[in-house]
Structure formats: C-alpha cells, structure tokens
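Hi everyone, thanks for coming.

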Amino acid sequence: AVWASLRTSDGYVPPSIIASQVVLFAGTMVSICYPLYLSYKTERSVHAYNTDDHGRVLKSLEQVLGDPEAKELFRKWLFREFADENLMLLDTVNAWLDGGHQRRHEKHPNVLISEAHAIVAKFFHPGAELEVCMPSSIGTKIRRLRPKASGSVDPQQHVSEIFDLFRQARHTTMEVLRRDPFLRFAALSKSLHRLRERRQEEAQRSAQMHAFASTALTKFS
C-alpha cells in the first residue's frame with residue numbers, strides 16, 4: 001500500500017523516492033538495533049579490568065566521579081540506560097552542601113532552606129520531575145521538610161537537620177550507583193582507554209551513516 005501510494009499514474013516510482021525510503025528504513029533499523037546491541041553488552045558479566053596505556057583503571061565509583069572525562073562518559077551511559085537521575089541528585093546535593101557550608105553565615109537560613117526545598121520537590125516527592133528511590137527512613141523525613149522555619153523552630157537548627165538528611169541521601173545515592181550501574185558501566189568500559197575508543201567508534205559510525213545518507217540522496221535526486 002505504501003509503494004502503491006508513491007507510484008505515479010503510469011506505475012513509475014522515482015529513484016529519489018526509493019532512495020529516501022531506503023535511507024529512512026536504514027536509519028530506523030539502526031536506531032532500534034544499536035541500543036539493543038549496547039544493552040546486550042552491558043548485561044555481560046563483570047570481567048577483570050584492563051589497564052590502559054596510562055595505567056588508569058576503572059576500579060571505583062569515586063575514581064570515575066573524580067575524573068571529569070570519565071564522569072561525563074558515565075553520565076551519558078546512565079542517560080542511555082534511563083538512570084541518570086541518581087547522578088544528577090548527587091551533583092545537586094553536593095553543590096548545595098558545599099555551597100551551604102560557605103554561605104551558612106552569609107545568607108539568612110530561610111534562603112538555604114528554600115533552596116533545599118526546591119531540591120526536595122525536584123527529586124524526592126512522588127511523581128517528581130526526577131524522582132529517585134530512597135529508603136523510607138530517609139525519604140519520608142526529607143519529604144516532610146518545611147519550606148521555611150517558622151514558629152518556635154530555630155532556623156539554624158532546621159538548616160542543620162537538612163544538612164544531616166542530605167548527607168544521608170548522598171551516602172545512599174552513592175551506594176545505589178556503586179551496587180549496579182557502576183559495575184555494569186565498568187564491565188563494558190573496562191578502562192578510560194576503552195572509553196575513548198568507544199567514543200571515537202561511535203563518532204565514526206555516526207559520520208559514516210551521515211555520509212551514506214547524503215550520498216544516496218545526491219545520487220538518486
């Protein structure tokens with residue numbers, strides 16, 4: 001039925017139409033099959049780590065998070081696995097904790113509390129934009145945080161409570177990332193050298209697909 005609709009009145013199908021349909025089909029197959037291929041590779045068992053030419057082996061989550069290049073590749077991998085909200089939470093909480101220590105005596109406590117409440121709304125409330133799974137012992141307390149200190153509540157004490165809860169949330173998030181996502185990422189990547197190779201391979205593959213599509217359209221147009 002699709003081909004019939006593309007034919008002219010005399011039954012002729014223009015080559016440019018055929019080329020565009022072939023390119024569209026090829027692109028669709030790549031977009032479907034390539035993620036499946038990557039998912040298959042990530043489910044493989046964890047093997048011994050390979051050392052690259054600089055001796056930089058992916059041994060721990062802390063090492064990856066401390067290396068800007070490795071962290072960015074880990075972030076992209078998590079995004080592809082639909083699991084990047086934990087790393088986003090970790091970055092957001094770290095920024096609030098580090099900045100909070102520096103600004104604790106410069107800003108009114110309610111300003112810090114308001115910033116913290118925005119983080120709670122974004123990551124911890126049911127149905128939140130980037131909802132993360134958190135043990136109820138921590139999650140419930142965080143969700144009950146007041147947007148500002150009021151009444152007889154000491155603002156500084158409330159800020160201290162938020163600091164404690166966010167530190168617990170940070171520790172829990174690190175454990176979640178360490179248990180499964182990092183192991184699968186490390187098993188696939190093995191080393192920073194292999195990470196760079198994979199990034200170059202993907203860039204080359206993308207360029208080849210683009211060149212093929214451009215050539216096909218030029219040839220048959």
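Lys71, Glu72, Arg75 and Asp91 are linked in a network of salt bridges; a salt bridge here is a side-chain nitrogen of Lys or Arg within 4 Å of a carboxyl oxygen of Asp or Glu. Please keep in mind that this is a predicted model, where local features need pLDDT of at least 70, side-chain atom pairs count only at pLDDT 80 or more, and totals for chains, interfaces and linings use all residues. Residues are numbered from 1 along each chain as its sequence is written, and side-chain values use heavy atoms, leaving out hydrogens and water.

Asp91 sits in helix 5 (residues 85-103) and Arg75 in helix 4 (residues 68-80), so the pair ties together parts that are 16 residues apart in sequence. Helices are DSSP runs of H or I with at least four residues, numbered from the N terminus.

Now to another pair: Arg178 forms a salt bridge with Glu62, with 2.2 Å between the closest N and O atoms. Arg178 is in helix 8 and Glu62 in helix 3 (residues 61-65), 116 residues apart.

Searching the whole structure gives 9 salt bridges.

Conventions
Helices (H or I, at least four residues) and strands (E, at least two) are DSSP runs, numbered from the N terminus.
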